[in-house]
Amino acid sequence: VRIRRAVLSCRRASDKPADDEYLYGHGKIENISALFETLLLLLTCGWIGYEAMHRLIGEQVHVDASIWAFGVMGISILVDISRSRVLYRAARKYNSQALEADALHFSTDIWSSSVVILGLLGVRLGDMYPQHGTWLSRADSVAALGVAFIVIYVSLRLGKRTLQALLDTAPAGLPERIRDAVDGVPGASGCHNVRVRPSGPGLFVDIHVYVDGSTTLASAHDLTEAIEK
């Protein structure tokens, strides 16, 4: 809960407008928040992997697979599905990496809860069929390793995009699309030195535009306004 409150606080801070100290705004706070939560997910995966391997090659832990355990995990999955969908929609709408990281966090909760249910089923089957109890009791640990690898893969992809935003990496293909758009504006004779800088949910674009030497200052100003739009 504290982590998610921190994410929302970072989201609000990143919406602050530019000022005399932060000339490009505070959008990078959101990217840092997404990176921090991604790192927490990776640490969690490391702990899950460690515990799973420990139970596979070390001591066995017996789980009481009662009907209440199945019920609690089922309700947890339904709640997390609802929250992750809402967060993913909001992340796409506002182009927010912080909200996307939080949605990923809820998604990992869904996968983890699903693995718990599989593990509980393995325990129940092991109790019903004692001759297969040894390997069935290890099913939850094997499934936990699988989930850990999936979460690591998804987290690394999000972490890579977050680092690219922090390092001002231009989105692939966007400078070319901007050049094509500028070339289609009447009065523009082309452009060069297109620079794109992501910051939180927004983008800053710098362009040098060619205009005819006889263009008046007022016309050049109107042209830049049209290009900006």
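**Fold and local features of the predicted chain**

Among contacts in the protein chain (heavy atoms within 4.5 Å) between residues at least 6 apart in sequence, 66% link residues at least 24 apart. The model is predicted, so local features need pLDDT of at least 70 and side-chain atom pairs count only at pLDDT 80 or more, while totals for chains, interfaces and linings use all residues. Residues are numbered from 1 along each chain as its sequence is written, and side-chain values use heavy atoms, with hydrogens and water left out.

Eight helices and two strands make up the elements of the protein chain; helices (H or I, at least four residues) and strands (E, at least two) are DSSP runs, numbered from the N terminus. Read from the N terminus, their order is α-α-α-α-α-α-α-β-β-α.

Of the 229 residues in the protein chain, 33% are buried, where buried means under 20% relative accessible area, exposed over 50% and partly exposed in between (1.4 Å probe, protein chains only). The protein chain exposes about 14400 Å², with 63% supplied by carbon and sulfur atoms; these areas come from the Shrake-Rupley method with a 1.4 Å probe, and for residues only the protein chains shown count as cover.

Phi of N193 is near 55°, a positive value in a residue other than glycine. Most residues other than glycine have a negative phi. N193 counts as partly exposed because its relative accessibility is 35%.

Turning to cysteines, C45 counts as buried because its relative accessibility is 4%, and C191 counts as buried at 13%. Zero disulfides (pairs of cysteine sulfur atoms within 2.5 Å) are found in a search of the whole structure.
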